[in-house]
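Q: I have a model open and want to learn to read its features one by one. Can we go through it together?

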Amino acid sequence: MERNAHIDSLKGLLIILVVFGHALERCYSGGPLFCLLHNALYAFHMPMFILISGYLTRRKPPKALASSSLTILLTYAIYQGIHHLPLFRFDDNSLYDLLLVPEWTLWYLISLIFWRLLLHITPQRWTDHPVWLLTLSLTVALAAGVIPCSRLLSVQRTLAFLPFFFAGHLLRQHAPSPKAPKALTTGAYVLTAAAALFFILHSHTYYGRYLSMSASYAAPLEELLIRLLVILTAFAICLTVVRLHHTRNFLTRIGRDSLFYYMLHSLILTACVRLFACPSSLLLTLLLTAVIIVIPMPLPQKVKDFIASPCSVRL
């Protein structure tokens, strides 16, 4: 499939934000600035990554789908095992965690398998009615919070982020480019500005539980409404970023290897924290993010491909 420079540039921006967000978690302790940065990042960076994943996903014949799913699953199994080595563990190993609970960033791989499978079993005629399908996926996302299961196979995140995956796929099917429709631009800008103001005014509050959408509801009605607001806000920010973003060659180069950086960065961050007494420092967080992004850039492409997918099939 021919590469899209604008998409790669967006992926480059997003993977830098992902690395920075995870470095914040490991190297910068709580406080108003931490809460502000973390809330702002988690309000949109993974939803947008998932939207792009949906945009780049095409329906495949069953055999091709099974092959790609097996590749992702084997990659997940390899990195799940690595994350359970003593160097990368912060707590005791358990067989349940090893087999059924994706480690830290690995939830995305499991969810990607499920999203692709769900797209495959969705009748083609449903995708011809985008409003109906998005409404259905949003209903699933909101209802998922009542399932008493937060960690098992990333079920919560898979269902909660499903609208973004379907939205990306529908955008490719019904629009010639990933640009946001002009009719939605003003509303997206307004909601994005409102979200920014909200996070600034509530910079002492950490909203990670709601933004990550990884836990079951504790107070169903209240948290269902919060999840609805989180999803709508994420869509608005995603549309705003797409509108405002301009393709950059540096980001395009990084974006082409986004999966490589995604698989590598969590291991580096965890090892650094385990091996060194890292002080809580925003400057250190920025420096570590830059090192993780820039230092591996000269690596041969075959090495990057292997780290991204040890089973030697590009996703």
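Q: Which helix does Arg256 lie in?
A: First, a caution: this is a predicted model. Arg256 belongs to helix H14, residues 249–256.

Q: Which other residue does Asp8 meet in a salt bridge?
A: Arg3. The side chains of Asp8 and Arg3 come to 2.8 Å, N to O. Asp8 has 3% relative accessibility, so it counts as buried. Arg3, at 44%, counts as partly exposed.

Q: How far apart are the C-alpha atoms of Arg256 and Arg3?
A: They are separated by 8.5 Å. Along the chain, these two residues are 253 residues apart.

Q: How many salt bridges does a search of the whole structure find?
A: It finds four. One of them is between Lys304 and Asp257, at 3.4 Å from N to O. Lys304 lies in helix H17 (residues 301–308), and Asp257 in the loop between H14 and helix H15 (258–275), so this pair ties together parts that are 47 residues apart in sequence.

Q: Are Lys304 and Asp257 buried or exposed?
A: Buried. Lys304 has a relative accessible area of 4%. Asp257 has 6% relative accessibility. As for shared partners, salt bridges join Arg3, Asp8 and Arg256 into one network.

Q: Now the nonpolar side. Which residues touch the most other members of the largest nonpolar core?
A: The general idea: in soluble globular proteins, nonpolar side chains tend to be buried together. In this model, the largest nonpolar core has 78 residues. Met48, Ile50, Trp107, Tyr108, Trp115, Phe164 and Tyr262 touch the most other members. Helix H1 (residues 5–27) gives the most to this core, with 11 residues.

Q: What does Trp107 touch, not counting residues up to four places away in sequence?
A: Its contacts are Met46, Ile50, Pro102, Trp115, Ser154, Arg157, Phe161 and Tyr262.

Q: Which residues make a nonpolar surface patch?
A: Leu70, Leu73 and Leu74 make one of about 250 Å². Take Leu73 as the example. It lies in helix H4, residues 62–83. Its relative accessibility is 40%, so Leu73 counts as partly exposed.

Q: Next, backbone angles. What phi does Trp104 have?
A: Again, the general idea: most residues other than glycine have a negative phi. Trp104 has a positive phi of about 40°, although it is not a glycine. Look for Trp104 in the loop between helix H5 (95–100) and helix H6 (107–121).

Q: Where is Met213 found?
A: In the loop between helix H12 (208–212) and helix H13 (220–244). Met213 has a positive phi of about 50°, and it is not a glycine. At 1% relative accessibility, Met213 counts as buried.

Technical notes
Residues are numbered from 1 along each chain as its sequence is written. This is a predicted model: local features need pLDDT of at least 70, side-chain atom pairs count only at pLDDT 80 or more; totals for chains, interfaces and linings use all residues. Side-chain values use heavy atoms; hydrogens and water are left out. Patches are made of residues with over 30% relative accessible area and no salt bridge: like charges are joined within 9 Å, nonpolar side chains (Val, Leu, Ile, Met, Phe, Trp, Tyr) within 5 Å. Accessible areas come from the Shrake-Rupley method with a 1.4 Å probe; for residues, only the protein chains shown count as cover. Helices (H or I, at least four residues) and strands (E, at least two) are DSSP runs, numbered from the N terminus. Buried means under 20% relative accessible area, exposed over 50%, partly exposed in between (1.4 Å probe, protein chains only). A nonpolar core is a set of buried Ala, Val, Leu, Ile, Met, Phe, Trp, Tyr and Cys residues joined through side-chain atoms within 4.5 Å. Contact means heavy atoms within 4.5 Å.
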